[in-house]
Amino acid sequence: MLLHFLTYHRRKGNGLITSIESERTSNNPLTFGPLLPNLQRMDPAWLRTPAGQQPYSELERVPQQLIPHPLEDKMSVNTYFHRITNPQELTEVQNRFPSQDLSLAILLASFFRYYAFEFDYKRHVVSMQSTAKRGMVEREIKAETHAWKVYSTGLAIEDPFETFYDVAHVLKGGNFHRLRNELGLAYTKIINAVENGSTGGIDLIDLICEPLEKAEPA
């Protein structure tokens, strides 16, 4: 969930961030790239061009680096991702994705807001294959290709390599709704704390993580 969030959001200006979905509808190239590079989809050729001369570019197709699945007979897994092999390339990636100066509070609040209020669980699945070019991965597509549940409003997470596997299949409906409520509550606590100016740092984390009080027996 965190990797999808970071690779599907970009800087907006004034220290804020926004979903790449809005970038797709504006028809503008994603010049500065997402907050974090998606190493399965980032075009290595773009990384070799002089910085600032070409807009951020993604691969049309993921290169094939197949290995036999260790448990499933007659099934292969594509293990490709761009491997950073030297310090110079690592420095280039860090310079091209300069999100280290963003406020952790804004990132945390945006993460909670995204999964509590913005993400469309009925239509989409959490996936590393969601990119600026492709858009979000549709739940209907996963139902057609891998027999995932289509008429559901619960959380579905596509494994980055075993793309047929829903990592969140063990999360039952009641627990999912409880999780989503907690994400919304955490976001609300952060916003209230910022508006009141009364809580920060460790105190805010403690406020978010405070245990739920048990109801007194009748």
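**Helix packing and the nonpolar core in a predicted model**

Helix α5 (residues 104-118) and helix α7 (residues 173-196) have axes that come within 8 Å and cross at roughly 140°. Here the axes are lines fitted to C-alpha atoms, for helices over the stretch in contact, and angles run from 0 to 180 degrees between N-to-C directions. That makes α5 oblique to α7, given that angles under 35 degrees count as roughly parallel, over 145 as roughly antiparallel, 65 to 115 as roughly perpendicular and the rest as oblique. The structure is a predicted model, in which local features need pLDDT of at least 70 and side-chain atom pairs count only at pLDDT 80 or more, while totals for chains, interfaces and linings use all residues. Residues are numbered from 1 along each chain as its sequence is written, and side-chain values use heavy atoms, with hydrogens and water left out.

The crossing of α5 and α7 is left-handed, a term used if the near helix is turned anticlockwise from the far one by less than a right angle (right-handed if clockwise). On the α5 side, L108, A109, F111, F112, R113, Y115, A116 and F117 meet R180, L183, G184, A186, Y187 and I190 of α7; contact means heavy atoms within 4.5 Å. Sorted by type, the residues of this contact comprise 11 nonpolar, one polar and two charged. In this scheme Ala, Val, Leu, Ile, Met, Phe, Trp, Tyr, Cys and Pro are nonpolar, Asp, Glu, Lys and Arg are charged, and the others, Gly among them, are polar.

F117 lies in α5 and touches G184 and Y187, not counting residues up to four places away in sequence. The C-alpha atoms of F117 and L183 are separated by 8.9 Å, although the two residues are 66 apart along the chain. F112, leaving aside its neighbours within four places in sequence, is in contact with L183, A186, Y187, I190 and I208.

F112 also belongs to the largest nonpolar core, which has 29 residues; F5, F112, Y114, Y115, F119 and L155 have the most contacts inside it. Such a core is a set of buried Ala, Val, Leu, Ile, Met, Phe, Trp, Tyr and Cys residues joined through side-chain atoms within 4.5 Å. At least two core residues come from each of α1 (2-7), α5, α7 and α8 (202-208), and α5 gives the largest share, seven residues. A second, separate core of six residues includes M42, L47, Y56 and V93.

Turning to the whole chain, its secondary structure comes to eight helices and four strands, as DSSP runs (helices H or I, at least four residues; strands E, at least two) numbered from the N terminus. Of the 218 residues, 38% count as buried, where buried means under 20% relative accessible area, exposed over 50% and partly exposed in between (1.4 Å probe, protein chains only). Among contacts with a separation of 6 or more, 53% join residues 24 or more positions apart.

Most residues other than glycine have a negative phi. K74, in the loop between β3 (66-68) and β4 (76-78), has a positive phi of about 55° although it is not a glycine. K74 counts as exposed because its relative accessibility is 90%. A147, in the loop between α6 (139-146) and α7, has a positive phi of about 60° and is not a glycine either. A147 counts as exposed at 68% relative accessibility.
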